[in-house]
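Hi everyone, thanks for making time for this. I'd like to walk you through a structure, so please have the viewer open and follow along.

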Amino acid sequence: MAAPRKPSWLQQVLMEQREALLALAALILFSILLALAQYVQLDRRFSQDLQTNARIVADTAAAAVLFDNAEDAREILAALRSSEDIQQALLLDKARLVLAAYTRSRDEGVGLFFQWAGVDRVRVPVVAGGEEVGELLLHASRVRLWQDLARFVGTSLALLVSALGLAWLASRELRARMRDAARRMQYLALHDALTDLPNRESLRLALEDAAELARDRGQPSALLFIDLDNFKQINDDHGHAAGDQVLRAVAQRLRELLRPGDLAARLAGDEFALLLRSPVDVALATRTAARLVQCLAQPVEDVLGESLRVRVSVGVALLPLHASGAEEAMQLADSAMYQAKRQGKDGYQLFTQELGESLRARHRLELDLSEALRHGDLQLAYQPLFDVQGRIQAFEGLARWRHAQRGAVSPAEFVPVAEAGGLIDEMGLCLLQTLARDRQHWLSQGQVCPPVALNLSSRQCRRPQQRERFLATLEILGLGPEAVEFELTEGALFEDLGSEESMVSLLQKRGYVLAIDDFGTGYSSLSYLRRLRCRKLKIDRVFVNEVARHRDAQTLVGAIAGVAHAMHMQVVAEGVENEADHDCLAALGCDLLQGFGLSRPLTPQQALALLRLQQAGERARVQAQQAWYETPPPA
Ligand SMILES: Nc1nc2c(ncn2[C@@H]2O[C@H](COP(=O)(O)OP(=O)(O)OP(=O)(O)O)[C@@H](O)[C@H]2O)c(=O)[nH]1
C-alpha cells in the first residue's frame, strides 16, 4: 500500500488554523456588510446636508438675485468657503445668466483623491416673494463622506480585530489545554495509574509486534507472567494503602531489571509481565525469571513503617518457540505461572509441551462441562450426617458428573476447572436445580426430608448480578433454609466478609445455615470464625481419622469442639471410618458425624430408602415403647 502523501505547508496551515481562517473570512464579510450599510446612511445624510446648505444659500441670496446685485451675490457665495465640501457655486438670474460664481482653490496634495472621491451636484431655485427669480448650483466633493466611512470602517475593524485576536488567544490556550488532556488520556489508556507502568493494552500491542517479528524474521522474544503470592494477605493484614505501596515497589524493581528494548507492564491487581525483546533464548529467559524471583523477594522497606517480604510466581513462554501469537503467548505464560503456583509458589516455571497437553485436556474438559451444565447433567450424591444416636440430621450434597465417554469424572477434577473457567456460577445453579428435583421426588413419596448442605465456592457469586441470580433461583425453586444449607471451605477465604452485600451476609440474612468445612486445614484465625458467624463447624478428616488411637488428635478435637460450642456452633466430624472413632468423637463432644464408616454418599433413591428405613425404625421404636406402657404390670 502506498504511503500517504505528506500535506504541503499550505495544507498544514489550512488544517491547523481552520477555525482562525474561518473567523477571519466571517470578519471580512461582516465588515463589508457593515461598511455598505454605513455608506448608504452617510450618503443619504450627505445629500440631505447639501440640500439644506443650498436652500439656506438660495434664501440668503434671493434679494441679491432679485435686484441683480452681483457684488452682494459674490459675497454671499464667498461665505461658502467655510464649508470644505463645496467646490463650486453658481448663482443664475432669471434669464439663467451667471450673476456670481465661487470656486474653491484645490489643494494640490489631495487633487487625485478629490477626483476619485467624486462630486455631488445640487440645483435649487432662488425664490423671492413666492416667485422663482433665479437658480443656485452647488458642486460638493464627496471626500468627507469617504473620510467618514473610512473612519467608521477603521474603528470597527480595529474593534473586531482586537476581539478576534483575544478570542484567538483564548482559543489557542484552550486548544493547548485540550491537546494536553488528549495526550494525558492517551497516556492513561496505555499506562497504569498506580505504578505508572505500561498497562495490559500496551503489553498486548508490544506482544503483537513481537509475534510479528517472530513470525516474519524468526526473531525470538520471551514473556514472563508474574503474579504476587498471597497478596490478598498483605491487603488484609496491613491495609489497601500498604498493598498499593508494595505494588509500586514491585513496579520499580521491574523497571530496574529492564534491559533496553524490554518492557515491564502491570496487567491488573497483583499481576505484572516482562516482555524480553532483545535477543533472548530459553536460558536467558529462565535466568531472568530466577533473578526476578530472587530480586522481588528482597523485603520492601518502610511500608507504613514495616518491612514486608513479597514472593512471586513467574510463568515463562517464548515466541516463536511455544506460541505463535500474542494471545497464545499470554495464555501459555499465564498457565505456566499457575503451574508455578501449584508447585508451591515462590518460583518460576517454563512452559513445556506436557503443560500444553494438560492445558488442552483441561480445555476439552471445560467444554464438556459447559455442555453438561447446559443440559443440567450434574447429579448430587447425598452423604448423611448422623447425630450420636444414629439419626440422620442432614445430608451433604456432593456434585457428581457422569460423562458419556469419560465415565464418572471426579469432582476433584471438574470443580477446579469450573472455578478457573468461570463455570462455577452455572454449576451452583445447576446443582440447586438437581437438589430441587430430588427433594420434590422425596416429598412426592411422602418422605420428610432433612436439609441438604451444598458447597459454596469462594469464587462463586463474586458479582452482585450473580448473587441476585443465585438468591432468585433459591426462591423460585422453593429452597428455603429448611431445605438447604451451605458449606464454606475454610482454606478458601471469602472476600468482603464485612460487607452487607457479601454472599455470606445475604444468605445469613435469609436464615440459611452456614457451615465451615474442612476446619483445621486453612489458615483462618478465631476472629475470622467470629466474623463468619457460622452455625456449624466441620472438623477436617485429618484430625478425625484414627482419633481413638491418638491422644494428641483427641486433645485437638476436644479443644476445637470446646471453642465451637462456646461460639454456639454445632460440631461435625467428617471422615468417620470406624466405630471406635465414632464413639471417641461422640465422647469428645461432636454433635454430628459423617463418614464412610457410617454411610457412603448415596444416590437419591438410596437416600430415600435410608430415610424410609429410619422412619420405619423410629415408628417401630415408638410403637414398642407405647406397647410397653400400655401392657399392665404382672400381678
Ligand atoms: N492494594 C491493592 N490491592 C489490589 C489492587 N487490585 C487488586 N487488589 C487485590 O489483590 C488481591 C489479588 O489476590 P489474588 O491474586 O486473587 O490472590 P493472592 O492472595 O495473591 O493469592 P495467589 O495469587 O493464589 O497467590 C485481591 O485481594 C484484590 O482485591 C490494587 O490496586 N491495590
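Predicted model: local features only at pLDDT ≥ 70, side-chain atom pairs only at ≥ 80, totals over all residues.

Aspartate 302 belongs to strand S8, residues 300–303. Its phi is positive, about 55°, although it is not a glycine. Most residues other than glycine have a negative phi, and most peptide bonds are trans. Aspartate 518, in strand S17 (residues 514–519), also has a positive phi, of about 50°, and is not a glycine either. With 19 C-beta neighbours inside 10 Å, aspartate 518 counts as partly exposed.

While we're on the backbone, have a look at leucine 319 and proline 320: a cis peptide bond joins them, with omega about 0°. Proline 320 sits in the loop that runs between strand S10 (312–319) and helix H10 (326–342).

Now over to strand S1, residues 86–92. Five of its seven residues are buried, so the rest of the structure largely encloses it. S1 runs antiparallel to strand S4 (residues 131–141), joined by six bridges, and isoleucine 86 stands opposite alanine 140 in S4. S1 is also antiparallel to strand S2 (residues 98–103), through five bridges; here glutamine 88 faces threonine 103. The hairpin of S1 and S2 has five residues between the strands, and there arginine 96 takes a positive phi near 65°.

Next, a helix pair. H8 (residues 240–257) and H9 (residues 282–296) pack at about 140°, their axes 11 Å apart. That angle makes H8 oblique to H9, and the crossing is right-handed. At the contact, Val250, Arg253 and Leu257 of H8 meet Arg291, Leu292, Cys295 and Leu296 of H9.

Last stop, the cores. The largest nonpolar core has 65 residues, and those touching the most other members include Leu431, Leu537, Ile539 and Val572. Helix H13 (residues 424–444) supplies the largest share of this core, seven residues. A second, separate core holds 54 residues, among them Ile234, Ala265, Leu274 and Val316.

Notes
Residues numbered from 1 in each chain as written. Core = buried A, V, L, I, M, F, W, Y, C linked by C-beta atoms within 7 Å. Buried ≥ 20, exposed ≤ 12 C-beta atoms within 10 Å, placed from the backbone. Helix = DSSP H or I, 4+ residues; strand = E, 2+ residues; numbered from the N terminus. Pairing = 2+ DSSP bridges. Axes fitted to C-alpha atoms, helices over the stretch in contact; angles between N-to-C directions. Parallel < 35°, antiparallel > 145°, perpendicular 65-115°, else oblique. Left-handed = near helix turned anticlockwise from the far one by under 90°. Contact = placed C-beta atoms within 7 Å.
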